[in-house]
Amino acid sequence: MVDVPERYRYVVMKRQLIEFYKSFSGNLELLTGGFTYPKDELIVLCMHSTPADQMNRFKELVSFLLKHFKPLSPNDLPAYYRSELKNGPYILFSFDDGLKNNLHVASYLQSQNVFAFFFLVPDFIESNNPKEFYRKNIRQVIDPSFDKLEEDFIAMNAENIQQLLSAGHSIGSHTMSHLLRANSDDAMVVKEVKESGTHLQHLTGQKINSFCSPIDTLFSINAFAKKTIEENYTFHFTTFPGLNSTKKEPNIIFRRNIEVNWSYGKIKFALGQWDLRRWLHRIQDYRLL
């Protein structure tokens with residue numbers, strides 16, 4: 001039987017190998033013509049925690065991205081999905097969970113005339129113990145070298161959200177509690193999907209037309225949830241990476257997960273096309289729900 005230290009070393013080694021493969025592949029793809037996308041392609045970034053001490057890194061990342069892509073505002077999404085925008089390729093920033101430390105990137109993006117989506121969890125916003133809620137419902141595994149401050153574990157409040165909106169950013173629903181799963185019953189689905197949007201609408205005074213599924217779209221969304229999303233929202237941001245220009249489906253918006261502390265090679269891998277094929281069967285499974 002493998003002892004715990006040896007099993008841990010195996011996990012670490014496997015993670016390092018995957019990191020090396022992605023970094024090498026990402027750099028190679030860019031060197032051999034990566035990021036060669038149609039003028040109407042839209043790359044939607046999915047990011048999470050953005051600690052204050054990572055802001056220099058984030059600024060460098062934004063500079064790198066804007067060399068390759070033209071920023072798209074959330075307000076331009078309807079025009080994009082009407083196929084009216086063909087001067088890209090475009091990039092749209094989105095941030096999940098509504099952590100307070102996202103206010104740093106929101107301020108910087110505004111200074112660059114770039115606007116983003118922030119997907120919020122109402123029960124996280126209103127929790128009496130947000131740090132415990134975050135660790136239990138949203139992110140169980142924490143890197144203490146990355147998330148260290150109080151703002152790295154707690155949600156934006158109502159005042160912060162109004163600041164985002166006043167700055168030109170947009171918000172959407174990321175479920176009510178972040179606990180939506182494919183085995184959730186219908187009542188749970190209605191609460192997590194429909195009522196979360198209604199709650200945010202009351203909080204902001206604005207119509208919420210965008211929903212972002214949590215964890216993994218196939219793991220969190222069943223057929224009834226898919227139908228409920230389509231009935232209550234114009235846009236559904238999924239966890240699938242893919243090409244948004246291929247079919248332009250507002251109910252299946254593909255996103256590329258990156259994080260501010262990732263190596264540039266790994267980020268290039270996430271932004272490229274070499275890894276997209278392995279997601280096709282999962283996307284098809286979702287379409288068939």
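Helix 2 (residues 55-68) and helix 4 (residues 102-111) pack together at an angle of about 40°, and their axes are 11 Å apart. That makes helix 2 oblique to helix 4. This is a predicted model, in which local features need pLDDT of at least 70 and side-chain atom pairs count only at pLDDT 80 or more, while totals for chains, interfaces and linings use all residues. Residues are numbered from 1 along each chain as its sequence is written, and side-chain values use heavy atoms, with hydrogens and water left out.

- Two packed helices are described by the angle between their axes and the distance between the axes.
- Axes here are lines fitted to C-alpha atoms, for helices over the stretch in contact, and angles run from 0 to 180 degrees between N-to-C directions.
- Angles under 35 degrees count as roughly parallel, over 145 as roughly antiparallel, 65 to 115 as roughly perpendicular, and the rest as oblique.
- Helix 2 and helix 4 cross in a right-handed way (the near helix is turned clockwise from the far one by less than a right angle).
- On the helix 2 side you'll find Met55, Phe58, Lys59 and Val62, which meet His104, Val105, Tyr108 and Leu109 of helix 4 (contact means heavy atoms within 4.5 Å).
- Sort those contact residues and you get 6 nonpolar, 1 polar and 1 charged (Ala, Val, Leu, Ile, Met, Phe, Trp, Tyr, Cys and Pro count as nonpolar, Asp, Glu, Lys and Arg as charged, and the others, Gly among them, as polar).

**Helix 8 with helix 10**

- Helix 8 (residues 186-204) and helix 10 cross at roughly 35°, and their axes come within 10 Å.
- This crossing is right-handed.
- Asp186, Val189, Val190, Val193 and Lys194 of helix 8 meet Phe224, Ala225, Thr228, Ile229 and Asn232 of helix 10.
- The residues of this contact split into 6 nonpolar, 2 polar and 2 charged.

**Lys227**

- Lys227 sits in helix 10 (residues 223-232).
- Lys227 is partly exposed, with a relative accessible area of 45% (buried means under 20%, exposed over 50%, partly exposed in between, with a 1.4 Å probe and protein chains only).
- Tyr134 is 93 residues from Lys227 along the chain, and their C-alpha atoms are separated by 28 Å.

**The whole protein**

- The protein has 12 helices and 8 strands (DSSP runs numbered from the N terminus: H or I of at least four residues for helices, E of at least two for strands).
- Its C-alpha trace spans about 55 × 45 × 40 Å along the principal axes.
- Of its 289 residues, 52% count as buried.
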